[in-house]
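Morning, everyone. Please look at the screen while I talk you through one chain.

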Amino acid sequence: MKPCIYERSVVVSASAEELFRFHENPHNISKIAPSSLRVGSVESEETARAGGVFKIRASQFGVPIRWTGKWESVEAPRLLLDIALDSPFAVWRHSHIFEPAAGGCLMTDRVEYLLKGGFVGGLVSRFAMPVFFAGMFRARHAATRRFFSKSARGSRSSSAA
């Protein structure tokens, strides 16, 4: 089965440079994760570099997830592209795209994906995952907007707590 594509964009009151710096640090996933995702640990360098690997241990709806990803492309400040080396997906290519826009920066998440599991994984990818991703990325984008809205009142920090 051929991979599916999910894409969602939002304008955030921040510069492309600020959003890029925030998203290049995998430790920041816990700051924007939806409530259904519990991030246990993140192993990575603090900034993305092409070829760099990161590992995340989390649980989604109580189901443990081990995720090993790799930065395939890092083009500051406009693009971060990560792929999954080990995850529930047979295909995972996640582009974080940052473009200057009125009111800040247009941030786009574009995911090319296909779940493992052959035909059944393909059916779940086509019919269930778009609904799941809509909720997940809506929550992530809202959290990112809140983070940068709060940060505008103080100093913006993208480092891990």
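What share of the 161 residues of the chain counts as buried? The figure is 42%. Buried means under 20% relative accessible area, exposed means over 50%, and partly exposed is in between, with a 1.4 Å probe and protein chains only.

A word on where this comes from. This is a predicted model, where local features need pLDDT of at least 70 and side-chain atom pairs count only at pLDDT 80 or more, while totals for chains, interfaces and linings use all residues. Residues are numbered from 1 along each chain as its sequence is written, and side-chain values use heavy atoms, leaving out hydrogens and water.

Now the layout. The chain has four helices and seven strands. Both are DSSP runs numbered from the N terminus: helices are H or I with at least four residues, strands are E with at least two. Along the sequence the order is β-α-α-β-β-β-β-β-β-α-α. The chain's radius of gyration is 15 Å, close to the 15 Å from the globule rule for 161 residues, so the chain is as compact as a globular protein of that length. That radius is taken over C-alpha atoms, and the rule is 2.2 Å times the number of residues to the power 0.38. The C-alpha trace spans about 50 × 30 × 30 Å along its principal axes.

Next, contacts, meaning heavy atoms within 4.5 Å. Take those in the chain with a separation of 6 or more: 50% of them join residues 24 or more positions apart.

Two loops deserve a look. Find Pro77, in the loop between strand E4 (63-75) and strand E5 (79-86). The peptide bond from Ala76 to Pro77 is cis, with omega near -5 degrees. Then go to Phe61, in the loop between strand E3 (53-60) and E4. Phe61 is not a glycine, yet its phi is positive, about 55 degrees. Is Phe61 buried or exposed? Exposed, at 60% relative accessibility.

Last stop: helix H3, residues 118-127. Which residues are buried there? Gly121, Gly122 and Ser125 are. They cover an arc of only 100 degrees around the axis, which puts them on the same side of H3. The arc is that of the directions from the helix axis to the C-beta atoms. Here is the background: an α-helix has 3.6 residues a turn, so residues three or four places apart point the same way. Turn to the other side of H3, and Phe119, Val120 and Phe127 are exposed.
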